[in-house]
Amino acid sequence: MPAKARDNIERLDAYVPGEQPGYAQTSGGGAVVLKFNTNESPYPPSDAVLRAVRGLSAEALRLYPPADAAEFRAAAAAAHGLTPGHVIATNGGDELLRLLITVFCEPGNGGIGTTAPSYTLYPVLAAIQDTPVCVVDRVGDDFALPGDLAQRWNDAGCRLAFLVNPHAPTGRLEPLDTVRALAEAFDGLLVVDEAYVDFAEGDALPLLRDEARGDVVILRSLSKGYGLAGLRFGYGLADPTIIATLDKARDSYNTDIVAQVAATAAVRDVDYARSTWQKVIDERARLTGELRRRGFAVPDSASNFVLAAVPGGGAARAEAIYRHCKTHGVLIRYFGNQPRLGDRLRITVGTPAQTDRLLGLIDSAP
Ligand SMILES: *Cc1c(COP(=O)(O)O)cnc(C)c1O
């Protein structure tokens, strides 16, 4: 008889990651697949990253890695004008999310607050911890935050709340004043998920650097802006007392030596990363314009993707375009029956040549 898991795990609908074709397909071994469905960078990581990885000795692999990722923490702190005590390194930003819920949310009560639509991993992580989720709908065509957002999270007794900024899947950016006001009005700890902030103007760093707020955690990821989704590296920024608490509960060796060395080289070479961000920002403008010219409704995005509502036909038309692109080796994100997103497609910004290929497929879709 199979072992029985905790009831909440038995009941759990697991997180469904975006489609990932096999390694062979994306590395030239099979049909070429262009991935515009999970927001990876279209550009490779910095040469400095590859050099750092190649330079690893057998000895570095034989030994355990630094448990505190000290070099990475110092590099990230220097990049952000903070101290290493403000930084925790994690196995992708996703590990930080899980760690935050483990540390701050009780099973049974004191759960998380989110907005909808949002990153679908949040409720899954909450369900694993068996802690409640207070989902507050964003309002209007532009998916704005409702004025009573913090109040509703407070009424539900949320210990943590997650604000993706820039927002996924719309690309909408809340200004710093809005984030600060939310942190002040919310009784718990506000997690500002800045997985996409590299493509936006402005971030929540002043809340930590200049205002030393103790009620905010910022999430960063190397998956989107540094061309390192395969590495699995992210980090959190917060007041050192919060970081010290999180440190108590993480796996002792939660990031491996290859990842630490690569991630450190990546954040030290932020100039290279910035040059790729600018290319993505330029191409985002062109993709947005081209889609609008074809009748799609596309809000301005501060991220490395756009959310496009298809002209006429609604969900059926969105699905037809998605399937046509997939048949021709191009993956985009179609949301199926997710509320309010059925007639929309989320498309990662690629290189100019990749955008041309995508637009060609959209034009030839039945
Ligand atoms: C990509 C992403 C993350 C973190 O991803 P990792 O690959 O685990 O670093 C966090 N939040 C959102 C909204 C994301 O899209």
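**Charged side chains and a buried arginine**

Mentor: In this predicted model, lysine 35 and glutamate 40 are joined through their side chains by a salt bridge, with N and O 2.8 Å apart.

Trainee: How many salt bridges does the structure hold?

Mentor: There are 29 salt bridges in the structure. The term requires a side-chain nitrogen of Lys or Arg within 4 Å of a carboxyl oxygen of Asp or Glu. Arginine 250 and aspartate 247 form one of them, with their closest N and O atoms 2.6 Å apart. Salt bridges with shared partners also link Arg138, Asp142, Arg172 and Glu174 into one network.

Trainee: Which side chain of opposite charge is nearest to arginine 346, and how far away is it?

Mentor: The nearest is glutamate 40, 8.1 Å away. Given the limit of 4 Å for a salt bridge, arginine 346 has none, although arginine 346 is buried. A polar atom of the arginine 346 side chain does lie 2.6 Å from the backbone oxygen of asparagine 37. The residues that arginine 346 touches include Phe36, Asn37, Pro169, Ile332 and Phe335.

Trainee: Which strand contains arginine 346, and what is the order of strands in the sheet?

Mentor: Arginine 346 is in strand β11, residues 344-348. The sheet is open and has four strands in the order β1-β10-β11-β9, with mixed pairing. Strands β1 (34-36) and β9 (305-309) are the edges, each pairing on one side only. On average, neighbouring strands of this sheet are turned by 30° against each other, direction ignored.

Trainee: How many bridges join β9 to β11?

Mentor: Five bridges join these antiparallel strands, and leucine 307 stands opposite arginine 346 in β11. Helix α14, residues 270-293, lies across β9 and β11 and runs at about 5° to β9.

Note on methods. Residues numbered from 1 in each chain as written. Predicted model: local features only at pLDDT ≥ 70, side-chain atom pairs only at ≥ 80, totals over all residues. Heavy atoms only, no water. Helix = DSSP H or I, 4+ residues; strand = E, 2+ residues; numbered from the N terminus. Buried < 20%, exposed > 50% of the residue type's maximum accessible area, 1.4 Å probe, protein only. Lys, Arg positive; Asp, Glu negative; His and termini not counted. Polar contact = N/O pair within 3.5 Å; in protein donor to acceptor, adjacent residues only side chain to side chain. Contact = heavy atoms within 4.5 Å. Pairing = 2+ DSSP bridges. Axes fitted to C-alpha atoms, helices over the stretch in contact; angles between N-to-C directions. Lists of a residue's contacts leave out its neighbours within four places in sequence.
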